[in-house]
Amino acid sequence: MAEVGQRLVLAFDYGTRRIGVAVGNEMLHSARELSALPARDGIPDWNVVTRLIDEWQPDVFVVGLPINMDGSESAMSTRARKFGNRLHGRYGKPCEMIDERGSTREAKSIARESGHRGNYREQSVDGIAAVLILEGWFAHREGLPGGRSAL
């Protein structure tokens, strides 16, 4: 495993129909969108996830935790935590949860600025949200403003 500060990170924007994915390098603070994982009621095809893990060989996972605006957790928070626990259990890599409040709204805004027509079922913004989650995690680790809280 790489040293802290030099790790390859896979970030996930958990959802019941799709799970957004981004990959990033901790040293460069770079993040890029990967193809979203289809999910059935929040459960991905774990064979597809395994292929993703085998391809990228991440050192750590980051999963966005959907927190209510008042700071309380929801049923989706519980499901996202369960997904993170399964990633850790299946692949033996550390998994950090991070507050993702506002990431989907921000992802939709970014997509609209790029000409997205608003049909998010056809053209999801889950990957963009995963990039935002990962960038927020990088910022939090550095103590920078805009960093999302690790939970």
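Colleague: Let's start with D126. Which side chain does the side chain of D126 make a polar contact with?

Modeller: With the side chain of R18, at 2.6 Å. A polar contact here is a pair of N or O atoms within 3.5 Å; within protein, one must be able to donate a hydrogen and the other to accept it, and residues adjacent in sequence count only if both atoms are side-chain atoms. Before we go on: this is a predicted model, where local features need pLDDT of at least 70 and side-chain atom pairs count only at pLDDT 80 or more, while totals for chains, interfaces and linings use all residues. Residues are numbered from 1 along each chain as its sequence is written, and side-chain values use heavy atoms, with hydrogens and water left out.

Colleague: Good to know. What else does D126 touch, not counting residues up to four places away in sequence?

Modeller: Besides R18, D126 touches D13 and G20, with contact meaning heavy atoms within 4.5 Å.

Colleague: Is D126 buried or exposed?

Modeller: Buried, because its relative accessibility is 14%. The cut-offs are under 20% relative accessible area for buried, over 50% for exposed, and partly exposed in between, using a 1.4 Å probe and protein chains only.

Colleague: And where is D126 found?

Modeller: In helix α4, which covers residues 126-142. Helices (H or I, at least four residues) and strands (E, at least two) are DSSP runs, numbered from the N terminus.

Colleague: How far does α4 reach from its first C-alpha to its last?

Modeller: It reaches 24 Å over 17 residues, close to the 24 Å expected at 1.5 Å a residue. That expected span is 1.5 Å times one less than the number of residues. Also, 13 of the 17 residues of α4 are buried, so the rest of the structure largely encloses this helix. Just after α4 comes G143, with a positive phi of about 75 degrees.

Colleague: Let me zoom out. How many helices and strands does the protein chain have?

Modeller: Four helices and six strands. Reading from the N terminus, the order is β-β-β-β-α-β-α-β-α-α. Of the 151 residues in the chain, 43% are buried.

Colleague: Now β5. Which strand do five bridges join to β5?

Modeller: Strand β6 (residues 95-99), which runs parallel to β5 (residues 60-65). Two strands pair if DSSP finds at least two bridges between them. In β6, E96 is the bridge partner of V62, and I98 is the partner of G64.

Colleague: What does the chain cross through from β5 to β6?

Modeller: Through helix α2 (residues 75-91), and this β-α-β crossover is right-handed. Right-handed means that, with the strands pointing away from the viewer, the path from the first strand over the helix to the second runs clockwise.

Colleague: Which other strand sits in the parallel sense with β5?

Modeller: Strand β1 (residues 8-13), over four bridges. There, A11 has V62 as its bridge partner in β5.

Colleague: How many residues of β5 are buried?

Modeller: Six of its six. One side holds V60, V62 and G64, the other F61, V63 and L65, and both faces are covered. In a regular strand, side chains alternate between the two faces of the sheet.

Colleague: Changing topic: how many salt bridges does the structure hold?

Modeller: Four, counting a side-chain nitrogen of Lys or Arg within 4 Å of a carboxyl oxygen of Asp or Glu. One of them joins the side chains of E26 and R7 at 2.8 Å, N to O. E26 is in the loop between β2 (18-25) and β3 (30-40) and R7 is in the segment before β1, so this pair ties together parts 19 residues apart in sequence. Both ends are buried: E26 has a relative accessible area of 6%, and R7 has 5% relative accessibility.

Colleague: Which residue forms a salt bridge with D41?

Modeller: R79, with the closest N and O atoms 3.1 Å apart. This pair links distant parts of the chain, 38 residues apart: R79 is in helix α2 and D41 in the loop between β3 and β4 (43-44). R79 is partly exposed at 28% relative accessibility, whereas D41 is exposed at 55%.

Colleague: And what do the side chains of R81 and E73 meet in?

Modeller: A salt bridge, at 2.7 Å from N to O. R81 is partly exposed at 27% relative accessibility, and E73 is partly exposed at 42%.
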